[in-house]
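Here's a model to talk through, one label at a time.

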Amino acid sequence: MPPKKRIGDDDASLNVKRRRKKNGEDMEFGNNSSLDADSDDENLDIKLEGSLVNGEVLFAGGTNWCMVGRSHLPKGVKNGGGHNLWGPHRIANLCGVRVRTVVSGCTACHCVVITAEGQVMTWGRNEKGQLGHGDDIRKDSPTVVESLANDVIIDAACGKNHTLFLTERGKVYGCGDNKMSQLGIGHQSPCVPTPVRIHYKGPPVRKVACGAEFSMIVDIRGNLYSFGCPEHGQLGNNSDGKYFVTSNKLSFKCELVPKKLHVFIEKTRDGHIIPVTDVEIRDVSCGLNHTVALDSKKRVFTWGFGGYGRLGHSEPKDEFVPRHLKFFDGPNRGAGQIFCGSTFCLAVNELGSLYFWGQTKSTGEASMYPKLVQDLSGWRVRSVGCCNKSIVVAADESVVSWGPSPTYGELGYGENKPHSSTVPQEVKTLDGIYIHGVACGYGHSLYLARADTEANRQKLERLPVFSP
């Protein structure tokens with residue numbers, strides 16, 4: 001999401017170290033801190049744009065938020081019930097509401113929608129306060145986050161049990177689980193039920209992303225910052241953070257505040273490491289414990305847990321710093337969009353073709369490097385949503401989905417249709433309905449459907465309405 005007011009290229013080359021006066025003393029910020037930007041950057045008066053489209057929200061998937069992805073309830077949690085919606089449904093209190101952004105995450109059992117006016121609503125699992133309502137009570141219907149009512153929200157990101165919200169002024173607020181410091185507020189705590197601003201003093205932020213227990217933000221200058229759990233090197237700071245508390249007890253040194261990533265590399269076939277320069281990050285996406293990023297030159301970088309080929313480097317090794325994925329290097333081979341599922345990645349190249357690497361089915365074969373999704377050859381992919389194992393794609397005028405069993409209805413095929421598919425299939429329940437974009441959670445899908453004309457609205461009215 002570029003800002004309305006572009007910052008001059010000359011500003012981007014400012015020295016990393018700066019001095020400023022505070023209480024009569026000089027303070028110097030080193031280049032390994034979230035405070036390593038010019039103090040003027042922090043106070044830039046800019047206004048970021050959110051999505052320029054809007055429509056009505058449709059939902060498919062599991063609504064028993066307490067049990068999705070679980071075999072039994074955690075101690076102290078009551079089962080609130082709820083059935084699987086095997087086809088797309090309208091949501092009762094969102095009927096007729098103009099929404100511009102739908103958000104969830106491949107490890108998340110909660111949802112975020114942002115209205116055309118910038119108001120944010122959340123619902124779903126809430127055991128760690130990730131919905132931002134000041135409590136830990138599950139919400140089955142979209143509910144306004146009152147503490148953010150005075151801010152215009154343009155984007156959000158959902159982790160396993162935490163949520164980040166991005167305002168039009170480039171400020172980031174977080175709520176939910178913070179035991180691994182994934183909220184970046186300077187300390188670790190089990191639960192933050194009301195959104196608080198992250199401990200960050202750099203240029204305005206334009207992109208947020210969440211893994212299971214870690215987070216990423218990108219500022220308007222293309223700098224990438226990470227914070228939270230470093231277990232498999234997913235923070236990209238050349239460490240997995242492991243240390244021994246006692247002789248047999250292992251723990252992790254979490255990043256308490258956003259820390260800027262300075263090193264990007266590529267590896268030659270004979271193992272030599274070459275630094276990659278002039279990296280300006282445009283997009284970032286997080287899986288369970290790995291990350292993929294896209295820069296201004298359409299280069300792709302991956303790092304974190306490397307099991308089953310999810311990093312795309314033809315080897316199952318963990319990467320502790322962002323490593324260039326050379327498959328997308330070359331004329332007309334650059335990537336335009338990137339996406340992460342729990343154990344896999346997807347990218348759309350410059351020509352609109354979709355590539356996959358990693359693994360969706362635990363008993364299936366893993367793709368160790370990016371491979372073309374043959375069933376979508378010739379389709380121009382516009383939007384992709386990644387569930388825990390399932391994939392939902394908006395391409396041309398259709399929606400296509402696939403994923404192995406077990407599913408919760410996120411594929412959207414309908415009540416009396418197959419509940420899973422190992423090959424891409426069109427979602428016939430959405431025939432005639434144009435979908436602007438999709439977002440997926442652990443076992444659910446959110447669709448943003450066009451509702452501009454009376455004909456559009458009549459088609460939507462034929463769909464069933466879900467009233468929790």
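Q: What makes Tyr 200 buried?
A: Tyr 200 has a relative accessible area of 7%, and buried means under 20% (exposed is over 50%, partly exposed in between, with a 1.4 Å probe and protein chains only). So Tyr 200 counts as buried. Bear in mind that this is a predicted model, where local features need pLDDT of at least 70, side-chain atom pairs count only at pLDDT 80 or more, and totals for chains, interfaces and linings use all residues. Residues are numbered from 1 along each chain as its sequence is written, and side-chain values use heavy atoms, leaving out hydrogens and water.

Q: Why is the pair of Tyr 200 and Tyr 225 called edge-to-face?
A: Rings of Phe, Tyr and Trp (its six-membered ring) pair if their centres lie within 6.5 Å; planes under 30 degrees apart are stacked, over 60 edge-to-face, and the rest tilted. The centres of Tyr 200 and Tyr 225 are 5.2 Å apart with the planes at 80°, so edge-to-face it is. The pair links distant parts of the chain, 25 residues apart: Tyr 200 is in the loop between strand 12 (189-197) and strand 13 (205-210), Tyr 225 in strand 15 (residues 224-228). Strands here are DSSP runs (E, at least two residues), numbered from the N terminus. Tyr 225 is buried too, with a relative accessible area of 1%.

Q: How do you know that the charged end of Arg 450 sits over the ring of Tyr 434?
A: The rule asks for NZ of Lys or CZ of Arg within 6 Å of the ring centre and within 35 degrees of the ring normal. The charged end of Arg 450 is 4.0 Å from the centre of the Tyr 434 ring and sits over it. Lys 371 does likewise over Tyr 369, at 5.2 Å from the ring centre.

Q: Why are strand 25 and strand 28 at the edges of their sheet?
A: Strands pair if DSSP finds at least two bridges between them. The open sheet has four strands in the order 25-26-27-28, with antiparallel pairing. Strand 25 (335-340) and strand 28 (367-372) each have a single partner strand, so one side of each lacks a neighbour in the sheet.
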